[in-house]
Amino acid sequence: MQADIQKTEQEKHTAETISMKNVSKVYDNGHTAVQNVDLTIKEGDFVSFVGPSGCGKSTIFKMVAGLTTITEGHIHLFNKEIDSSDRDSRDLAYVFQDATLLPWLNIEKNVRMPLTFQSIKKEEQNKMVQETLELVGLKGYERAMPRELSGGMKMRVSIARALVSKPKLLLMDEPFGALDEITRQNLQEELLRIWNSQKMTVLFITHNVFESVYLSNRVAVMTASPGKVDDVIDIPLSYPRNSDVRTAPEFSNLVAEISEKLKN
Ligand SMILES: Nc1ncnc2c1ncn2[C@@H]1O[C@H](COP(=O)(O)OP(=O)(O)OP(=O)(O)O)[C@@H](O)[C@H]1O
């Protein structure tokens, strides 16, 4: 009986991608960007972070990615404390708003880039790159140069480059913020399709409450000065989602609830 209970506890723990306990970040200039954040993110979750500018959304992502230190508290990623040196960085990938690509490399080479730092045979690399290009709708664009692509296509390349190593966790910092509405909606659909097929955990920053409700199964609402996670709202809309969801009364109610919280 005791063993059963232990096993259940262990299984519960294994299913967590991220666990943040009392996490704070004070930058070197003394500014407290994030204070006392407690948050658990389960394997396969799609969690959006919304909140006013400067409330610490990117700082949380940077701590999770090991790009900035944690001042206080603990973050466990795949059950390992974040400072542990044996963490496999291929487990995690980051997508930024500006889709920075290497301008002198074609699309195929930009996407291949993360694999060149790993000991993966050329044939296996080719297969992984081709599969990923197909996944994000870039088949046929292998030889194109970044300057020839629109903002939406560049973002697809950026997503492909993040996915090519098959990460278990994808951090997306306002990826669609600079895109026009139609491109944005197309990429939202694509992202949901990819998330569903790849079964990874996604953390997503957006200033757009509609986008957060449309994509996520949970929305973390943050407040500023200092940055805190004020509430985590479950989004009980079923997947797959399509544009009809946006006109459903439950959708509008959730958007209104989150928008109201953001006003406080
Ligand atoms: N390296 C740094 N040194 C000092 N302060 C910083 C540093 N990086 C960020 N900050 C400050 O920490 C706070 C949180 O910044 P962060 O970028 O995490 O917020 P954000 O919620 O992602 O903002 P936005 O929505 O505008 O991107 C802000 O006040 C910012 O000015």
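**Close-up views of a predicted model**

**View 1. Pairing of strands β1 and β4.** Strand β1 (residues 16–26) and strand β4 (residues 72–77) run antiparallel and are joined by five bridges. Within this pairing, Ser-19 stands opposite His-76 in β4. The model shown here, as in the other views, is predicted.

**View 2. The open sheet.** Four strands, in the order β2-β1-β4-β5, form an open sheet with antiparallel pairing.

**View 3. Packing of helices α3 and α4.** The axes of helix α3 (residues 107–116) and helix α4 (residues 122–135) come within 10 Å and cross at roughly 125°. The two helices, α3 and α4, are therefore oblique to each other. The crossing in which α3 passes α4 is right-handed. On the α3 side, the contact is made by Glu-108, Val-111, Arg-112 and Leu-115; α4 contributes Gln-125, Met-128, Val-129, Thr-132 and Leu-133. By class, the residues of the contact of α3 with α4 comprise five nonpolar, two polar and two charged.

View 4. Around the ligand are 13 residues, of which Tyr-27, Ala-33, Ser-53, Ser-58 and Thr-59 come nearest. Helix α2 (residues 57–64) supplies the largest share of this shell, namely three residues. Divided by class, the shell around the ligand consists of nine polar, three nonpolar and one charged residues.

Methods
Residues are numbered from 1 along each chain as its sequence is written. This is a predicted model: local features need pLDDT of at least 70, side-chain atom pairs count only at pLDDT 80 or more; totals for chains, interfaces and linings use all residues. A residue is near a molecule or strand if its C-beta atom, placed from the backbone, lies within 6 Å of it. Ala, Val, Leu, Ile, Met, Phe, Trp, Tyr, Cys and Pro count as nonpolar, Asp, Glu, Lys and Arg as charged, and the others, Gly among them, as polar. Axes are lines fitted to C-alpha atoms, for helices over the stretch in contact, and angles run from 0 to 180 degrees between N-to-C directions. Angles under 35 degrees count as roughly parallel, over 145 as roughly antiparallel, 65 to 115 as roughly perpendicular and the rest as oblique. A crossing is left-handed if the near helix is turned anticlockwise from the far one by less than a right angle, and right-handed if clockwise. Two residues are in contact if their C-beta atoms, placed from the backbone, lie within 7 Å. Two strands pair if DSSP finds at least two bridges between them.
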